[in-house]
Amino acid sequence: QENPSAEQFKAGVTEALFRFAKGDLDKVVLSRTLDITCKQKTDIKTFVKRLQNSNSNGYTFAIKLEDDATSPSRTLIGSSPELLISRQGSKIIANPLAGSEPRSVDSQIDAERAQQLLVSKKDRREHALVITAVVHALAPFCKNLHVPDEPALVSTPTMWHLSTLIEGELSDIKTSSIDVALALHPTPAVCGFPRKAAKKAIQEIENYDRGLFTGMVGWCDNSGDGEWVVTIRCAEVQDHFIRLYAGAGIVAESNPEKELAETGAKFNTMLNALGVHGETK
């Protein structure tokens, strides 16, 4: 079961396009869920192992969520492609992703899609919004920042993304990884821009509670070193029940049908690890 439905999601994209035309905001990330009920209880270890094996460059995680004693335990599982921030000593690295295209099993089509993404004015504008916001959030913490002039292509087994690797040096070594992560979150890659208007649009357009989806997962040690990733390409698992999450960044040039297809392709990261293959809309 999908929530919102395909038609409802496309209507939400259309509503976002109307808001862009009014000048209310520049980007908003809209999402949906896919609920699956399995005959057998999900084997968490096998699920995570498959996810890790198929997404070797991703940040794979599994976190048991504490509910009240009467509820079955839930586990948040994911393989995020997006590094929010890492800190080692005074060095920090952020790797925002924005602008996406589904992969194809046909190598020629796959290469064409990658090239189309790299030159797409729509996707590069979406990416630039994210980079500007991330740099603005990082600048107060850093004595220097290196930001590449052009985005690069990175891939997962299911998606191509535009990527920018941002490196910096902290002005104050007392600034921890979680301090920087909290200043960055939520970036326009999972919320939108401007942030306040995007949050308002999400609350009014989406018809469900995102829960932990589009949050952040990571660690921070006593010295302040740590690594935090964006909670995407993820699912919540509870016995026989699994809820998958997927979102898409919407800008003025977005097409509702294409954005729907993007969320379907993103569901496939988790579906493939569950042994369910084939494209999802």
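In which hand does α1 pass α7 at their crossing? This is a predicted model, in which local features need pLDDT of at least 70 and side-chain atom pairs count only at pLDDT 80 or more, while totals for chains, interfaces and linings use all residues. Residues are numbered from 1 along each chain as its sequence is written, and side-chain values use heavy atoms, without hydrogens and water.

**View 1. Helix α1 crosses helix α7.** The crossing is right-handed (the near helix is turned clockwise from the far one by less than a right angle). Helix α1 covers residues 6-22 and helix α7 residues 256-273 (helices are DSSP runs of H or I, at least four residues, numbered from the N terminus). Their axes come within 9 Å and cross at roughly 125° (lines fitted to C-alpha atoms over the stretch in contact; angles run from 0 to 180 degrees between N-to-C directions).

**View 2. Residues where α1 meets α7.** From α1 come Ala-6, Phe-9, Lys-10, Val-13, Thr-14 and Leu-17. They meet Pro-256, Glu-257, Glu-259, Leu-260 and Thr-263 in α7 (heavy atoms within 4.5 Å).

View 3. Strand β14 spans residues 226-230, and four of its five residues are buried (under 20% relative accessible area, 1.4 Å probe, protein chains only). Strands are DSSP runs of E, at least two residues. β5 (residues 83-88) pairs with β14 in the antiparallel sense over four bridges (pairing needs at least two DSSP bridges). Leu-83 stands opposite Val-229.

**View 4. The hairpin of β13 and β14.** Five bridges join antiparallel β13 (residues 216-220) and β14. Gly-218 stands opposite Trp-228. Five residues lie between the strands, and Gly-224 takes a positive phi near 100°.

Terms used: Buried means under 20% relative accessible area, exposed over 50%, partly exposed in between (1.4 Å probe, protein chains only).
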